[in-house]
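My entries follow the structure.

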Number of protein chains: 2
Amino acid sequence: MKKDNAIVLLSGGLDSCVTATIAQQDYELYLLHVNYGQRTDAREEKAFKDIAKFYNITQILDVDIGYLLEIGGSSLIDNKIIIPVKSSEKEIPSTYVPFRNANLLAIATSWAEVIGAKKIFIGAMEEDSSGYPDCRESFFDSFNKTIEQGTKPGTTITIETPLLHRKKSEVVNIGMELGAPLHLTWSCYQNVKKACGVCESCQLRIKAFRDAGLVDPIPYSIEISWKE
Amino acid sequence: MKKDNAIVLLSGGLDSCVTATIAQQDYELYLLHVNYGQRTDAREEKAFKDIAKFYNITQILDVDIGYLLEIGGSSLIDNKIIIPVKSSEKEIPSTYVPFRNANLLAIATSWAEVIGAKKIFIGAMEEDSSGYPDCRESFFDSFNKTIEQGTKPGTTITIETPLLHRKKSEVVNIGMELGAPLHLTWSCYQNVKKACGVCESCQLRIKAFRDAGLVDPIPYSIEISWKE
């Protein structure tokens, strides 16, 4: 029996790679990558393409939305704002890109409606997201209702967030168990050749592999101790 | 006292022009125009710029989102699908661009969060929209909840749809009363020099001026009788 279609938002990072690995077990995948002016755009795009190739998926949509850069307001895309090494626990970090996930999910929903996909997978994680408002379960629940109201009658598209309540070390373990190509992923916000090992995204990734008792297969520009 | 900021989604059409005219009475305006590959893109963009100039507004964001064209599924952007002269009453017409308004509102919300705007004005009309699901009040209500869930705590952005339940002839009358620059607007889906007078969008516009007892100030490529 033919599998239903599903779209996966695949940045090329660890979480979206594991999400794609989960989704491909039950669905025919369509992969969506969005460049929005993040500093490591080209490196992430390469990771996206490598993962698509690994799974032999040719149904891909690779989109540029430069307007988020023009709008600004985030250190992830604005060179004038410094990327924090560690965020305060209380404040939403400067890497937050205002309402980014809604922009990504709107694109995915337009595509899903045209190709008749039933699901949109996104690798969002509450733990990992440092309080980004558009990574909360209540946001995704609300977006599902907006899809229901804003698409043609009879359309049934829902957002799936299989990692939302997982720890990042669990994500590493799930990925390893399912044979996800973690060696092809990229998480660093700062560098493009070897991961810096210092930015918040690297630190979260390193800690996750350590907690999982594993060594990260990607190269770092500084020496990392993989034992706790 | 300084007015609050508001964003207006300004396509350059009749409805968005009247919406901007209403909004500028009470708000400091930021104008957002989105090219998404509609056939009359360049003509609409000119109308947008002319209206911005008319109101002396320099805070503008002019965005290209070519991905909707790539996704396809609408006669408004896909040359392979014929634009209907008149839609069936029951079916959603082929000019429907899947989940378009969610894409536009997501962009507007990102911008609103950065500039601290309180309102996003959109000139959607239920009557005019031929059953487009993303023009219904329930869609905008749901999107407001999604904004609340997906933006930073303390953010208060709401979508305003002042024309949603108006007849198009009322919109013409409101625009005339408030001095909206209707002569600068563009509605035709088909042509860029003189409006075709035949496509669905032209027909709705012509009927609106007729019902309002007025003559449309823009040029048409066929002779139009303005009396009922």
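**Entry 1**

I looked up H6(A) and helix H7 (residues 200–211) of chain A, and they pack at an angle of about 65 degrees, with their axes 8 Å apart. This is a predicted model, where local features need pLDDT of at least 70, side-chain atom pairs count only at pLDDT 80 or more, and totals for chains, interfaces and linings use all residues. Residues are numbered from 1 along each chain as its sequence is written, and chains are lettered from A and ligands numbered from 1 in the order in which they are written.

I noted that helices (H or I, at least four residues) and strands (E, at least two) are DSSP runs, numbered from the N terminus. Axes are lines fitted to C-alpha atoms, for helices over the stretch in contact, and angles run from 0 to 180 degrees between N-to-C directions.

H6(A) and H7(A) are therefore roughly perpendicular to each other (under 35 degrees is roughly parallel, over 145 roughly antiparallel, 65 to 115 roughly perpendicular, the rest oblique). H6(A) passes H7(A) in a right-handed crossing (the near helix is turned clockwise from the far one by less than a right angle; anticlockwise is left-handed).

I then listed the residues in contact (C-beta atoms, placed from the backbone, within 7 Å). H6(A) gives A:Lys168, A:Ser169, A:Val171 and A:Val172, while H7(A) gives A:Leu204, A:Ala208, A:Phe209 and A:Asp211.

**Entry 2: H1 and H6**

Next I took helix H1 (residues 14–23) of chain A against helix H6 (residues 168–178) of chain A. I read an angle of about 45 degrees, with the axes 10 Å apart. H1(A) and H6(A) are therefore oblique to each other. Their crossing is left-handed. From H1(A), the contact uses A:Leu14, A:Asp15, A:Cys17, A:Val18, A:Thr21 and A:Ile22; from H6(A), it uses A:Val171, A:Ile174, A:Gly175 and A:Leu178.

**Entry 3: chains A and B**

How many residues of chain A are in contact with chain B? I found 35 residues of chain A in contact with 35 residues of chain B. On the side of chain A that touches chain B, strand S3 (60–64), helix H3 (67–71), helix H4 (100–115) and helix H5 (137–150) each give two or more residues. H4(A) has the largest share, 10 residues.

I also checked the surfaces: 100% of the interface residues of chain A are also interface residues in chain B, so the copies meet through the same surface.

Last, I looked up the superposition. A rotation of 180 degrees with 0.0 Å of shift along its axis places chain A on chain B (RMSD 0.0 Å). The two copies are thus related as by a two-fold rotation axis.

Definitions and conventions
Least-squares fit on C-alpha atoms with pLDDT ≥ 70 in both. Contact = placed C-beta atoms within 7 Å.
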